[in-house]
Amino acid sequence: MLVCIVLLASSISLTTGQVPVAEDDTYTLRVAMQDDVRTLNPLVAGDVWTWNLVGYLYESPMITDPETDELIPYIAVGSANGTASQGSMAWEDCTIGIFDYSPQGTWNNSERPEATIFYDFTGVTWHDGEQMDIRDVMFSHYVQSQMPHWVSGIKCLMDEGGEPGSNFTDTHYLHIQKVYESADGLQAALKFELQVPFIDFFKNTLSTFLLPYHIWGTTVSGQASNDMLIWCDDGYVKGGPNAWNSSKAMAWDNPGPIGSGVFKFDSWTVGSNSKIIKNTDHFYKPGWNPLYDPDEIAKQPTIEAIQFKIYRTAEQAVLALKNNEIDYIAWSIPPTFIHEIANDPALGVKQSAERGFFYMAYNMRPSRRSFGYDENGTDVGKPLRKTIAHCIDKQTIVQRLLQNFGIPGDGILSNLDPMYNISIQKYAFDPEEAKNILANAGYKLTDPGAEPGVDNWWLNPDGSPIGNGEGGLIEILTPPMDYDPIRCHAGLMIARQMQDIGLYAEHIALDFGTIVNRIDARDFDMYILGWRIGAQPMDYMYSFFHSSNGEIGDNYPGYRNITFDNLIYEARITDNESYREELIKEAQAAIAYDLPYDVLYFKTNIEVFRADRFTGWQTGSSGSIYNWGSIINLRPPSNSYINARFVNTALSMYSEGELDVEVLVTSITKNDDGTLTRATLEGAEVQFSVSNGTLDQYNCTSDAYGKVKLKFTAPHVDPDNPLADEGLFSFIEISTASKEGYDDARSRVHIVGIYKTITPFLNLEMELDPDVIEDVDTQGQEGITYITVTARDNKDVPVKNCAVSFETIPEGANITQIDNVTNDQGEAVARLSANMDIEEDEIVVVVAKATMLGYQNGTQSIWLDVINGNIIGDIIGEPPLDNTTDVNNTDGTDDTDGTDTDSSSSDIDSQDVGWFLGILMISTVVIIAIVVLSFSRSER
């Protein structure tokens with residue numbers, strides 16, 4: 001809960017380590033990161049690279065059921081059942097597994113709800129072996145109240161909720177009281193008396209970030225003594241010599257961090273790699289306590305370690321993934337890599353809408369009065385912010401920079417969110433309107449007699465320069481091109497458009513750490529960054545925009561709006577869901593009208609991983625597959641798994657047209673002799689998603705032939721939009737295919753090009769005869785197959801004289817083209833020989849490309865099974881030429897269930913992805929190819 005909105009504010013620690021992970025370690029998850037861990041101190045960590053490591057070392061006393069999202073016993077095991085008398089508690093007063101407020105009749109104040117939470121520390125130790133106790137929990141709540149980026153969740157326990165008039169700033173008193181502790185200290189209870197209601201009290205406030213007092217409250221972490229006082233201790237005085245000092249704690253390097261999580265720290269070689277290993281002494285495992293875990297929800301990871309390696313560019317990371325040097329790339333890859341990723345049978349690709357957003361922010365403080373408030377608190381910068389809003393071509397950013405893997409942002413919530421306010425103010429890309437706003441608001445030009453533009457800049461109404469840079473320059477800070485080309489290009493586009501209307505703006509590329517330091521110091525005009533969101537809207541909107549967080553906190557613009565403050569405060573305390581939704585919608589409207597942020601886009605994550613190394617990836621609440629749900633479920637693949645792929649599905653279509661989508665589901669079992677047995681699979685549950693357009697069904701079951709059929713309806717393509725001349729793209733994904741007894745299928749994708757009705761295009765079909773061949777046998781004979789490609793146009797008419805070319809992935813097979821162009825029937829044939837010597841069965845992907853003047857290019861691919869002839873010998877026999885005929889199993893027995901086996905049907909082996917877009921996207925948008933990477937914070 002806490003880490004979703006934390007900002008980095010520290011430099012890299014000097015801690016180093018020496019132990020690299022073994023490349024062949026089966027149970028080590030190898031993760032590529034684009035930047036190094038910046039600190040081991042969780043109090044100042046804020047970027048995703050740091051939290052990828054630090055976040056798994058520490059934990060909370062509360063967890064939720066992964067299926068129901070309900071709170072379940074963990075370190076906190078339940079709450080008081082109301083049978084105890086006032087002021088007296090015993091362990092028997094705890095109701096295990098229930099987390100709720102005490103009966104109102106027991107409250108000290110009828111208007112202030114109380115909850116008594118019981119904790120069990122049996123078997124719960126810190127990584128250094130020290131026993132955890134209730135002092136650690138109370139200390140952690142106190143630390144939470146002292147951290148600007150964590151404080152919002154605990155304000156409900158401060159006098160008056162920490163709002164103006166609160167005495168918390170003088171006393172630091174929290175309304176938390178220890179009401180029970182066993183003689184051995186292993187069981188205890190805390191009573192929480194809320195000073196203001198907070199709807200997320202149980203899942204947010206109680207989920208404090210646990211820190212060991214014996215380290216953070218002592219001289220080990222730089223404190224003045226070994227028994228530093230917190231609010232509940234006798235003799236505590238805020239700022240006193242024995243009062244816990246947050247500044248010293250935040251300045252500590254925390255070498256060899258000690259937490260209580262399922263992973264513990266192993267090593268960190270600065271600038272190279274870092275590693276965490278499984279905490280085998282962690283208490284939470286199956287059978288840990290039958291009273292608490294009757295359904296055996298408790299689980300520990302199968303993986304033994306996570307190693308983090310640094311790759312500065314997507315190209316480096318993708319190459320490392322293909323070379324089996326890493327298992328997962330911890331950021332969203334560029335769409336142009338999908339072609340080579342998805343055609344590799346060993347790799348998996350997953351797309352998901354990210355909950356966070358990317359935005360441009362303004363510094364609204366009086367020190368930057370052009371963009372916000374003057375010394376009297378009047379918002380004099382609103383005309384300028386609205387002017388700049390009309391200079392942002394968000395549709396172009398999404399279509400050209402994101403290549404449609406995302407949607408433009410109108411407000412702080414995506415228009416796909418059920419709480420999105422459809423009536424918020426929106427700002428169309430309109431440079432003329434931008435100039436009109438400035439003129440009507442009294443802004444002046446350096447040359448009033450000339451048109452505004454480059455070298456004829458707008459000035460403030462009082463004649464002063466607008467920007468704070470040299471010569472009145474407006475600086476737009478972004479990460480550099482090699483770190484994130486999307487935000488860098490967006491900054492360039494916006495700066496150039498501002499210049500075109502006469503605003504002296506320039507895009508300034510800085511490394512992420514420098515940008516963070518500047519916005520933390522409130523030293524900026526404008527910047528472009530992003531948030532990864534894991535909280536509810538009322539919580540993150542409170543953190544980002546409530547005026548109390550303006551000087552120290554996540555309200556970096558310094559936005560002040562009493563109406564917004566009241567709306568979001570009320571949304572955080574009401575238990576009326578419909579009323580809360582209404583308040584959140586009104587709060588969105590306030591942000592959209594005042595524009596402290598201008599949300600640029602919500603992107604689609606494209607994440608890739610080694611499907612042959614680990615299975616069990618799950619998409620988390622933030623839209624990424626790198627999350628606790630995945631970590632706890634990851635395991636090496638078993639010998640029986642599911643394969644699901646697209647077959648006979650066209651690659652191109654027109655605006656708002658319908659496309660038949662067909663998927664074939666097969667089971668694959670690896671036999672003891674290394675051979676594979678394949679069969680079509682009935683009864684598999686298959687789930688789909690789509691980035692643009694709609695499907696007529698998203699959850700399907702494979703039929704008796706292993707088939708799933710559905711329809712895709714393309715989105716509308718504006719015929720007047722010049723950006724659509726090269727087509728728009730939709731990403732249809734098989735999210736998963738599952739059946740008991742098999743590992744789930746890895747996700748697969750199929751990209752469809754969607755064109756204006758005036759655009760002709762080519763669709764290709766491919767067939768192999770046969771589609772199972774041997775490698776070079778003992779007599780030196782090569783397995784041979786023939787490839788037939790059929791090209792049809794957008795009217796399903798065969799196209800003659802298309803130029804056809806082929807390639808194989810991986811390389812090693814020889815292709816001899818019999819036809820270089822298609823005949824009258826649109827067909828071209830090539831001969832492939834398996835000029836390779838393999839030890840185990842291997843899949844070769846054959847990719848065909850057809851080009852013809854006046855048409856969009858067509859690309860299609862198909863899978864070929866290459867069998868080790870020395871192992872199989874004559875058992876496999878000659879695969880039949882009739883691709884619809886049942887065939888024999890690899891063991892020579894006949895099928896009795898009517899299913900196809902051994903992959904001899906071209907339906908089984910047709911590749912799922914039509915990657916004509918891969919090359920097309922490279923050629924048409926090479927300068928803007930790379931999708932924005934994710935980096936949490938969560939600021940990124």
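Visitor: At roughly what angle do the axes of α14 and α15 cross?
Guide: This is a predicted model, in which local features need pLDDT of at least 70 and side-chain atom pairs count only at pLDDT 80 or more, while totals for chains, interfaces and linings use all residues. Residues are numbered from 1 along each chain as its sequence is written, and side-chain values use heavy atoms, with hydrogens and water left out. Helices (H or I, at least four residues) and strands (E, at least two) are DSSP runs numbered from the N terminus; axes are lines fitted to C-alpha atoms, for helices over the stretch in contact, with angles from 0 to 180 degrees between N-to-C directions. The axes of α14 and α15 come within 9 Å, and they cross at roughly 150°.

Visitor: How many charged residues belong to the contact of α14 with α15?
Guide: Contact means heavy atoms within 4.5 Å. From α14, the residues M538, D539, M541, Y542 and F545 meet F564, D565, I568, A571 and R572 of α15. Ala, Val, Leu, Ile, Met, Phe, Trp, Tyr, Cys and Pro count as nonpolar, Asp, Glu, Lys and Arg as charged, and the others, Gly among them, as polar. By these classes the contact has seven nonpolar residues and no polar ones, and the charged residues number three.

Visitor: How far apart are the end C-alpha atoms of helix α16?
Guide: The expected span of a helix is 1.5 Å times one less than its number of residues. For the 18 residues of α16 (577-594) the span should therefore be 26 Å, and this agrees with the distance between the end C-alpha atoms, 26 Å.

Visitor: Which residue takes a positive phi in the hairpin of β9 and β10?
Guide: Two strands pair if DSSP finds at least two bridges between them. Strand β9 (residues 263-269) and β10 pair in the antiparallel sense over six bridges, and T269 has N273 in β10 as its bridge partner. Three residues lie between the two strands of this hairpin, and the positive phi, near 85°, belongs to G271.

Visitor: Is Y284 buried or exposed?
Guide: Y284 is found in the loop between β10 (273-278) and β11 (305-310). Leaving aside residues up to four places away in sequence, Y284 touches I63, I72, P73, Y74, I297, A298, K299 and Q300. Its relative accessibility is 8%, so Y284 counts as buried.

Visitor: Which strands stand at the edges of the open sheet of five strands?
Guide: The sheet has the order β23-β31-β30-β26-β28, with mixed pairing. One side of each edge strand is left without a neighbour in the sheet, because each has a single partner strand; the two at the edges are β23 (652-654) and β28 (699-701).

Terms used:
Buried < 20%, exposed > 50% of the residue type's maximum accessible area, 1.4 Å probe, protein only.
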